[in-house]
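Subject: Handover of a protein structure

Dear colleague,

Please find below the structure that I am handing over to you. A description of the findings follows it.

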Amino acid sequence: MRRASKILMPVLAGLIAVTGTSATAVAAAPGRLDSYYGQRPAWSGCGNGYECAKLSVPLDYSKPGGKRIKISMVRLPATGPKIGSIVLNFGGPGGSGVDSLKASKDVVSADIRKRFDVVSFDPRGVGASSPVRCFGTLDLDAYFALDPTPDTKAEVKKAESWDQAFAKYCAKNSGKELLAHVGTADSARDMDVMRAALGDRRLTYLGFSYGTYLGAVYADLFPTRIRSMVLDGAEDPSQNGDDLVADQDRGFEVATKSFLKDCFRVKGCPFREHTVEAGMKQLDELYARADRSPLRNEYDGRQVTEAVVSAAVDYSMYDVHTWPRLRQALAAGFRGDGTKLLLLADEGNGRRPDGRYDNSFEALMAINCVDHPENPCPYWPVKGTRYPKKVRAKGSPPIVVVGTTRDPATPYKLAKALAGQLAHGVLLTRDADGHTGYRRGSACLDRKVDQYLITGTAPRPGTCRDVNPKA
């Protein structure tokens, strides 16, 4: 089950008139859901200029009169004349949108902040929105240390037994009813309730990574309720889980080679020989060494196994600004000290400095096991309802898809596929390293995205060749 854990962050005055958004011009609510669509969130201050609120949604949309759950939301009010709200999803699945937005007011540009209330949320099963819970800290520590490449019958059996235990405890601690309704299709319906509750006739949306999958499903369900939508670091909704994992494996290999090339250009690069082939071989040697015997750990009592080293390297591929830390961690790792590698892996796995985990991994597994039940969920306690099909979104306005050429987690080919299958898809390309493109250092791309979000007029397809700053 854990083998797929990667599956999963100009002057435009006078343009407000294009939106036609108001609190009274909300799209009609589907039958039997009027009470949900008629909500108005009770926003209250939650520190540092942010406001927070809860939104009620049905656990099961086929039974709107049944059990309700609460969706946690956060917003950063517009700093100028307001067009409406822009809803953000930072990816995962499993990432807390509330925590991510609270962590940075610069996730969008000053122009977007001026024109929109910037809103994010914890999707169902995530963070503060009826969170999925499975293992405690010690069990998660052990789970993340399991051999990712079992090569004996005993190692395979051990991995299977842990996968079975994980599924069992998710059912015990979360309940099958919740696990059956944390999939993306339900979250997309939540987002439409949110759109109405925010007072917007049509949705303005910016989704990163998994957020592109959520956005694509929303577009398929509610194409005429979109004002503007940017899908950055795209997944292909028609792709099955096995193919996505294979593409990600290739993507992380491309990204790692790019990291090596950058490393060879800077002082203190810890690799013996400065060729890509030799660098990849030295990394493989480090993985094998940690597989035979864990690296030293001077932080706590955990073992720095092959899984931990691999997680640290993969996590660092998401953002070139993490590359200097990875160089230092690898330098220590080659000397037998895995402490810095462990701390990088902790960040990727959602382990906080106090030793507690957020629920991002557990939510990731629960959502993926509904969306992609064929992989990696042989022991999952509920049956998934897979949503694999090409998304046309007929009747939508232009939808902008952003692809980065050396993106490890959502390879560029997926952005091309999604833009090509949408009835009105527009592909913007960022020729660079790292995961996602907007606000990653490309002024060209940022300008095009901002203008589209504010005006609703899509740019022409094209490539922004800005390069990443040296890591």
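Predicted model: local features only at pLDDT ≥ 70, side-chain atom pairs only at ≥ 80, totals over all residues.

Residues are numbered from 1 along each chain as its sequence is written, and side-chain values use heavy atoms, with hydrogens and water left out.

Confidence

The predictor's confidence in each residue is given as pLDDT, on a scale from 0 to 100. Its mean over the protein is 91, and 91% of the residues reach 70 or more. Two stretches should be read with this scale in mind. Over residues 1–7 pLDDT stays under 50, and the model has 35 contacts beyond four places in sequence for them, a contact being heavy atoms within 4.5 Å. Residues 9–26 also stay under 50, with 43 such contacts.

The sheet

Helices (H or I, at least four residues) and strands (E, at least two) are DSSP runs, numbered from the N terminus. Two strands are taken to pair if DSSP finds at least two bridges between them. Ten strands form an open sheet with mixed pairing, in the order β1-β2-β3-β5-β4-β6-β7-β8-β9-β10. β1 (44–45) and β10 (462–464) stand at its edges with a single partner strand each, so one side of each has no neighbour in the sheet.

Strand β4 pairs with β5 (residues 116–121) in the parallel sense over five bridges, and isoleucine 86 has valine 118 of β5 as its bridge partner. β4 also pairs with β6 in the parallel sense, over three bridges; here leucine 88 stands opposite leucine 206. Leucine 206 in turn stands opposite valine 230 in β7, as β6 and β7 (residues 226–232) pair in the parallel sense over six bridges.

Buried means under 20% relative accessible area, exposed over 50%, and partly exposed in between (1.4 Å probe, protein chains only). Six of the six residues of β4 are buried, so this strand is largely enclosed by the rest of the structure.

Helix α7

Helix α7 (residues 184–197) has 14 residues and reaches 20 Å from its first C-alpha to its last, close to the 20 Å expected at 1.5 Å a residue; the expected span is 1.5 Å times one less than the number of residues. Twelve of its 14 residues are buried, so α7 is largely enclosed by the rest of the structure. Among them are Asp186, Asp190, Asp192 and Arg195. Just after the helix, glycine 199 takes a positive phi of about 85°.

Nonpolar cores

A nonpolar core is a set of buried Ala, Val, Leu, Ile, Met, Phe, Trp, Tyr and Cys residues joined through side-chain atoms within 4.5 Å. The largest has 72 residues, and Val87, Phe166, Met194, Met229 and Trp380 have the most contacts inside it. Helix α14 (residues 360–371) gives the most to this core, with eight residues. Another core, of 31 residues, lies apart from it and includes Leu260 and Met280.

Aromatic rings

Rings of Phe, Tyr and Trp (its six-membered ring) pair if their centres lie within 6.5 Å; planes under 30 degrees apart count as stacked, over 60 as edge-to-face and the rest as tilted. By this rule there are 18 aromatic pairs. Phenylalanine 90 and phenylalanine 208 form a stacked one, 6.2 Å centre to centre with 20° between the planes. Phenylalanine 90 lies in the loop between β4 (84–89) and α2 (97–103) and phenylalanine 208 in β6 (residues 203–208), 118 residues apart. Both are buried. Ring pairs also link Phe135, Tyr143, Phe144, Trp162, Phe166, Tyr169, Tyr357, Phe361 and Trp380 into a cluster.

Yours sincerely
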